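Here is a short briefing to read alongside the model. Please keep the sequence and the 3D view open as you go.

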Amino acid sequence: MTDTPTPRGTDLPPAWEPAAVEPELYEGWVAAGYFTADPASEKPPFTIVLPPPNVTGSLHMGHALNHTVMDALTRRRRMQGYEVLWLPGMDHAGIATQNVVERQLAGEGLSRHDLGREKFVERVWDWKAEYGGKILDQMRRLGDGVDWSRERFTMDEGLSKAVQTVFKLLFDDGLIYRAERIINWCPRCRTALSDIEVEHSEDEGELVSIRYGDGDNAIVVATTRAETMLGDTAVAVHPDDERYRHLIGTEVVLPLTGRRIPIVADEHVDPEFGTGAVKVTPAHDPNDFEIGRRHDLPSLTIMDTSGNITAKGPFEGLDRFEARPAVVAALREEGRIVAEKRPYLHSVGHCSRCDTVVEPRLSLQWWVKVEPLARAAGDAVRDGRTQVHPPELAKRYFDWVDNMHDWTISRQLWWGHRIPVWYGPNDEVVCVGPDDEPPAGEGWFQDPDVLDTWFSSGLWPVSTLGWPTATDDLAKFYPTSVLSTGYDILFFWVARMMMFGLYAMDGKQPFDHVYLHGLIRDAQGKKMSKSRGNVIDPLDWLDRFGADATRFTLARGANPGSDMALAEEWAAGSRNFGTKLWNASKFALMNGATTAIPVPARDELTDADRWILDRVDALVSEVDTLFEGFQFAKLCDALYHFTWDLFCDWYLELAKVQIADGRVDATRAVLGHVLDTVLRLLHPVTPFITEVLWKALTGKESLVVAEWPTVSGHTPDAGAASRIEGAQRLITEIRRFRADQGVKPGQRVTARLSGVDEVGLSAHIGSVTSLARLNAPEGDFNAGASLEVALAGGSVTVELDLSGAVDVAAERKRLTKDLTVAEKELAQCEAKLGNPKFTDKAPADVVAKIQTRRDAAAAEIARVQARLAALPTG
RNA sequence: GGGCGCAUAGCUCAGCGGGAGAGCACUCGGUUUACACCCGAGCGGUCGCAGGUUCGAAUCCUGCUGCGCCCA
């Protein structure tokens with residue numbers, strides 16, 4: 001006999017209380033060094049760099065989802081024997097952080113200019129030390145298995161060096177240049193923004209039509225920004241537009257200013273739109289700027305950096321939104337307003353940081369010439385070095401990368417990486433590398449601007465590993481394996497990291513896979529937003545439901561590329577699942593489930609044992625396949641279904657019968673093996689509860705560093721599966737009959753089964769009797785009611801002593817329903833089989849299947865009809 | 001204006017050429033010595049509309065309607 005270890009279940013607390021144990025478990029993992037990566041390891045590498053959250057930010061559901069994904073991926077790989085590096089950190093979020101600290105200063109009645117640049121930057125560092133990086137602690141609560149020893153910040157010395165290095169390289173390659181163009185300007189942040197930092201929305205404005213010139217010379221233009229007319233330097237019409245042909249080359253007087261401006265012909269004017277004539281304000285509109293360039297028009301800047309009018313005259317000093325109605329009123333006064341449309345819905349750009357309406361502004365800025373970089377970034381995906389999941393989103397990536405405009409990288413801020421360019425007294429421009437001495441002496445000064453935060457976070461996959469130094473980390477862990485992020489920031493993250501990673505690493509892609517998850521929405525599928533009041537705080541869920549439940553909820557909703565709806569009920573459901581797993585494990589342990597006894601040879605096992613072991617095998621390979629395909633929702637469903645519907649609802653119940661029958665050790669071994677496997681498979685998604693249960697089951701150190709399950713290699717026992725499914729069917733039918741008859745679930749009913757041997761279920765009578773709560777007949781058995789259950793190979797008749805009135809009406813209702821279903825099925829099958837086109841053209845196996853279904857339906861009809869006929873009338 | 005995606009049970013979604021599925025919600029019954037955060041049984045859908053392809057369409061094609069997203 002095997003020496004059975006003492007059951008361990010009694011060691012477990014009676015209930016799972018995540019909040020009480022999770023922090024301690026987490027700190028234990030960190031202390032044990034499980035998450036610390038070793039570049040000298042012989043194991044194959046698996047690397048994820050965390051898309052750096054904003055230093056001012058705190059954990060929201062989008063993070064929680066993304067972190068769950070990354071943690072699940074890294075935990076599985078660690079269990080599979082990879083040398084895993086998941087590298088954490090934050091970016092310095094130039095505008096956002098500067099805004100936060102400026103607001104703090106404003107509370108003290110100060111501006112950053114009162115402090116001066118140096119003191120202000122010190123103040124930002126102080127702020128960071130005190131308040132920054134809340135999210136890092138929140139990551140611990142989620143259970144993120146990141147390597148804290150490698151935590152990075154984009155403003156760190158090493159990463160700053162990487163920024164300066166890449167700037168110098170790009171500059172020397174002619175891929176960074178300085179130019180005066182129309183850029184997106186935020187008059188509140190008082191800095192330039194890149195295209196993707198501008199969010200467009202359909203806003204209500206006005207469309208005002210203004211007559212320029214008089215008499216035959218008059219021409220009407222329409223605008224939504226009337227105040228910009230102060231900066232007009234031309235009117236443009238299409239060269240083929242008959243209406244205006246006679247005016248081309250002439251001049252009109254610009255109202256309110258008295259300036260004479262030319263009427264020019266430009267191919268890009270749409271004659272169909274409005275009057276077909278457009279006002280041209282080269283300094284305040286990107287299209288107009290292009291027209292101005294083509295026609296050599298002067299550019300008049302009429303606003304300052306805060307959006308106040310600077311044009312001399314009555315409007316000077318007015319904010320642009322005050323100037324707009326003032327200008328319209330003045331024009332109306334002069335009788336020049338031809339039409340006004342209000343409200344007029346049109347697309348307006350807003351600063352993605354502060355929502356202020358962006359002002360196009362002519363300005364001298366630094367740019368990245370993206371064409372060669374973007375082409376390389378596209379090619380890496382085109383030729384499969386980097387794979388996008390789901391692949392549908394690759395198209396969106398190409399659309400963007402292949403049509404990318406040059407990137408404005410200078411920001412008029414103080415917090416960030418200062419542009420490493422010095423200007424000399426004689427218009428010298430010197431780009432300084434990290435190891436160069438900046439030019440000194442009279443008249444030399446450094447560019448005052450800083451770089452876009454994305455310029456440094458685009459380097460993240462290389463700079464965090466030590467680039468430009470050829471470190472061991474870089475050698476071991478680059479290219480990274482997966483980049484995981486929401487599809488909404490595909491352009492921010494993926495494109496920029498791809499461009500810089502490929503450039504810095506001589507064409508070696510920064511990641512092998514890009515996984516794009518969807519956006520979090522509320523239960524109605526609406527976007528979460530503060531104004532809607534439908535935001536769910538992940539910290540609230542962590543408190544109330546625990547990290548595992550939060551993570552499981554998010555992973556279970558994560559279908560690649562599609563958004564997910566969330567509500568508290570979902571989290572409660574996940575918590576319930578955890579409780580179920582807890583109770584089932586506790587029960588198994590109380591009954592001696594163990595991994596210390598090897599699972600006996602197959603021929604010593606019962607049908608139930610072989611069935612559940614085969615299902616576990618199938619589960620392992622299914623979960624593996626789904627993990628490889630980033631199918632988190634499906635793998636969670638598979639685990640949920642197996643655990644609850646197969647393991648708890650059936651195998652545990654069957655195991656009770658087996659143990660009662662004296663099959664103790666084998667059952668303990670099978671219980672132990674199944675539970676062990678399930679806990680391992682669940683661990684990447686729900687690390688905490690599985691850790692506690694697994695330690696109780698195995699007595700080993702930690703599931704974090706346990707091996708990932710593999711399939712046993714046994715050929716599935718189809719016979720066992722079929723018999724178990726037959727027994728399940730029989731049990732369910734009896735339960736259903738009992739429910740129809742109004743028998744209480746707990747009440748034992750005397751029953752006589754016949755036909756059991758013929759369908760091969762003789763070994764399962766005990767299970768059926770137990771799970772259907774039957775008693776063996778003895779003495780005065782009164783078979784008052786009976787049912788017949790059709791199974792593969794025959795049918796089983798169950799006679800029941802209901803010791804009371806049989807509800808014939810309920811039974812008739814049930815049988816009639818069964819009959820209707822069978823008749824419908826028969827009709828459908830016969831219709832197909834009666835169609836010669838079907839029998840000729842459909843594949844033989846499909847035809848055979850329909851024939852089988854027809855025969856089964858016919859038999860079922862006969863059986864049900866016979867039973868209906870045998871029913872007592874009335 | 002250009003492009004993309006989605007319309008399947010009350011809700012959120014899976015299925016994407018041969019028997020309409022899951023979770024939650026709902027109904028009925030329940031002190032079944034693991035679990036009421038539970039157990040057992042059930043109800044619920046001409047798969048947005050109209051055409052087409054096919055022996056066969058929720059699944060492929062076209063058009064329409066509605067919703068959403070991205071870009072300009």
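There are zero disulfides in the structure, a disulfide being a pair of cysteine sulfur atoms within 2.5 Å. C186 is accordingly in no disulfide, and the nearest cysteine sulfur, that of C354, is 3.5 Å away. This is a predicted model, in which local features need pLDDT of at least 70, side-chain atom pairs count only at pLDDT 80 or more, and totals for chains, interfaces and linings use all residues. Residues are numbered from 1 along each chain as its sequence is written, chains are lettered from A and ligands numbered from 1 in the order in which they are written, and side-chain values use heavy atoms, with hydrogens and water left out.

**Cysteines and burial**

- C186 is buried, at a relative accessible area of 0%; buried means under 20% relative accessible area, exposed over 50% and partly exposed in between, with a 1.4 Å probe and protein chains only.
- C829 is buried too, with a relative accessible area of 1%.

**Domains**

- Chain A is split into domain 1 (191-360), domain 2 (566-698) and domain 3 (720-870), with bounds that come from an automatic or database domain assignment.
- Between the C-alpha centres of domain 1 and domain 2 the distance is 69 Å.

**The surface near RNA strand B**

- RNA strand B is surrounded by 46 residues, the closest being T579, W644, R736, K817 and K841; a residue is near a molecule or strand if one of its heavy atoms lies within 4 Å of it.
- By class, this surface has 17 nonpolar, nine polar and 20 charged residues. Here Ala, Val, Leu, Ile, Met, Phe, Trp, Tyr, Cys and Pro count as nonpolar, Asp, Glu, Lys and Arg as charged, and the others, Gly among them, as polar.
- Sugar or phosphate accounts for 68% of the atoms of RNA strand B within 4 Å of the protein, and bases for the rest.
- The side chain of K580 has an N or O atom 2.7 Å from a phosphate oxygen of RNA strand B.
- S347 has a polar side-chain atom 3.4 Å from a base nitrogen of RNA strand B.
- Elements that give two or more residues to this surface include helix 20 (632-660), helix 23 (718-740) and helix 27 (844-870). Helices (H or I, at least four residues) and strands (E, at least two) are DSSP runs, numbered from the N terminus.
- Helix 18 gives the most, with eleven residues.

- Among the buried residues of helix 17 are D548, R551, F552 and T553.
- S574 has its place in helix 18 and counts as buried at 6% relative accessibility.
- The side chains of S574 and T553 are joined by a polar contact of 2.7 Å. A polar contact is a pair of N or O atoms within 3.5 Å; within protein, one must be able to donate a hydrogen and the other to accept it, and residues adjacent in sequence count only if both atoms are side-chain atoms.

**Helix 21**

- Helix 21 (residues 664-682) has 19 residues and reaches 27 Å from its first C-alpha to its last, close to the 27 Å expected at 1.5 Å a residue. That expected span is 1.5 Å times one less than the number of residues.
- Helix 21 is mostly covered, with 17 of its 19 residues buried.

**S41**

- S41 sits in the loop between helix 1 (18-32) and strand 1 (45-49), and is buried at 13% relative accessible area.
- The C-alpha atoms of S41 and Y82 are separated by 9.3 Å, although these residues are 41 residues apart along the chain.
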